Amino acid sequence: MSGQAVAVAPAGTLKMQGIVVPNGVVDFANFCLLTERHTLQEQGAKVFAPTNTVPAQAQDTWELRKSDILADCTIRIVGTVVIALPTGTVATTARWPYDIVKSLQFTANGASNLINASGWKLKARHFMKKADLDDRGVSQTIGGTVRTQGTLSLASESWGVGQNTSAIAAGTYNVDIAIPVDVAEDEVNLAGAIFLATSSSDLTLTVNWGQVADLFTVTGTATVVLSLTATLESTKYSIPMDNGVMVLPNLNLFHSIQQSRTTAIGNGENEIRIVGQGAGKRLLRVFAQTWNGAVPAPLAVNDTNYGSLAWRYATNEQPDTWTAQRLRERNEDWYNSDLGGFQGIWAIDFSVISAFRDAPDMGTHGELRIVETIQSGVTLTTSPAAATEYVTETLYLAGQAA
């Protein structure tokens with residue numbers, strides 16, 4: 001949401017995200033003049049080293065240091081993939097590489113799982129928010145072919161091996177990827193940033209790691225060994241003091257990114273009810289992809305795979321409807337990346353132009369649903385079951401139920 005009104009509260013007791021601030025004032029303009037931005041390496045590197053025969057630690061947790069105002073985090077994952085081929089084959093799935101983070105949960109100041117999403121979904125959301133970011137000309141291998149668009153990758157990243165790529169040769173491959181965790185909805189006005197300036201603040205980030213079977217298809221006596229180290233970097237803004245009084249932005253909002261999954265889909269029109277609806281929540285965007293196949297991969301967003309894509313509320317109010325190809329083009333225009341091609345993501349975005357004006361209230365727009373029509377020519381698998389994964393991004397007042 002763009003802009004933040006100057007709201008000056010009297011010095012004294014006020015609350016920020018449920019935490020009492022004994023002596024503070026809300027003065028956004030003065031805060032901007034006095035604050036400083038800091039990038040910190042949070043304590044505790046995590047080692048993740050599974051093979052296709054030996055399970056690894058499934059979960060790691062960081063407790064972030066309690067200081068300042070948290071705007072965002074980045075998980076950097078560095079290491080190697082070692083593939084051996086006595087017999088058999090090794091291929092990557094479409095989950096590689098960013099779903100090394102199978103799910104990430106972020107809890108802050110009593111609001112559990114403000115963020116709950118996989119690595120690929122967090123990457124996609126980052127591109128949606130940062131229109132000046134693009135992947136054009138960045139070379140990565142997808143489906144055995146070098147692609148220079150629609151990878152959601154940075155040129156400085158290394159996947160090691162390609163996404164959804166078969167017949168990978170034996171060898172040692174270097175991995176260096178970054179997964180953004182956009183805590184604040186907007187780093188300019190800090191809507192959704194987290195207040196961490198008192199001992200009663202609470203902040204944990206938990207990563208559930210994908211296993212080798214999620215990321216690779218292995219046959220025969222072939223082996224895959226991941227030797228990876230994850231570190232967490234945070235971006236924070238200092239809280240300035242003016243005559244002994246904390247000068248603060250208005251941190252009255254929480255920012256939530258929630259991923260959900262349903263297998264209740266079929267050919268034809270599917271209405272998928274958005275979870276987590278409630279009064280006072282503003283829906284910024286919702287995006288989805290459908291996974292299908294014996295080794296599941298996202299369906300490309302085109303008119304061959306999809307009919308109309310839309311959203312509905314109440315009995316049958318349907319404000320926006322697109323053909324699949326047109327929505328894919330619209331998304332590329334918004335995000336400067338073709339998310340609908342290899343990653344199969346389609347998005348309905350209310351905040352891309354003006355969240356303040358366009359984001360619907362999830363209380364007054366009851367029974368919000370997304371609508372995806374899957375063409376009759378698409379064969380949906382039952383084992384494993386085809387599934388639609390979707391992400392809802394919202395802003396709501398701190399103190400409300402999540």
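Mentor: We begin with an open sheet of 4 strands, whose order is β20-β26-β23-β24 and whose pairing is antiparallel. Strands pair through backbone hydrogen bonds, in either a parallel or an antiparallel manner. Here two strands count as paired if DSSP finds at least two bridges between them. Strands (E, at least two residues) and helices (H or I, at least four residues) are DSSP runs, numbered from the N terminus. The edge strands are β20, residues 268-273, and β24, residues 317-323, and each of them pairs on one side only. From one strand to the next, the twist averages 20°. Axes are lines fitted to C-alpha atoms, for helices over the stretch in contact, and angles run from 0 to 180 degrees between N-to-C directions.

Strand β23, residues 306-313, is joined to β24 by 5 bridges, and the two run antiparallel. Within this pair, W311 stands opposite D320 in β24. Helix α4, residues 324-335, packs on the sheet and touches β23 and β24; contact means heavy atoms within 4.5 Å. The direction of α4 makes about 90° with that of β24.

The model is predicted, so local features need pLDDT of at least 70 and side-chain atom pairs count only at pLDDT 80 or more, while totals for chains, interfaces and linings use all residues. Residues are numbered from 1 along each chain as its sequence is written, and side-chain values use heavy atoms, with hydrogens and water left out.

Strand β26 covers residues 369-374, and P384 lies in the loop between it and β27, residues 387-397. A cis peptide bond joins S383 and P384, with omega about 0°. Another cis peptide bond joins W96 and P97, where omega is about -5°. P97 is found in the loop between β7 (90-92) and β8 (101-108).

Two further loop residues concern the backbone angle phi. N164 is not a glycine, yet its phi is positive, about 50°. N164 lies in the loop between β11 (145-147) and β12 (171-181), and at 33% relative accessibility it counts as partly exposed. L190, also not a glycine, has a positive phi of about 65°. L190 lies in the loop between β12 and β13 (194-195), and at 1% relative accessibility it counts as buried. Buried means under 20% relative accessible area, exposed over 50%, and partly exposed in between (1.4 Å probe, protein chains only).
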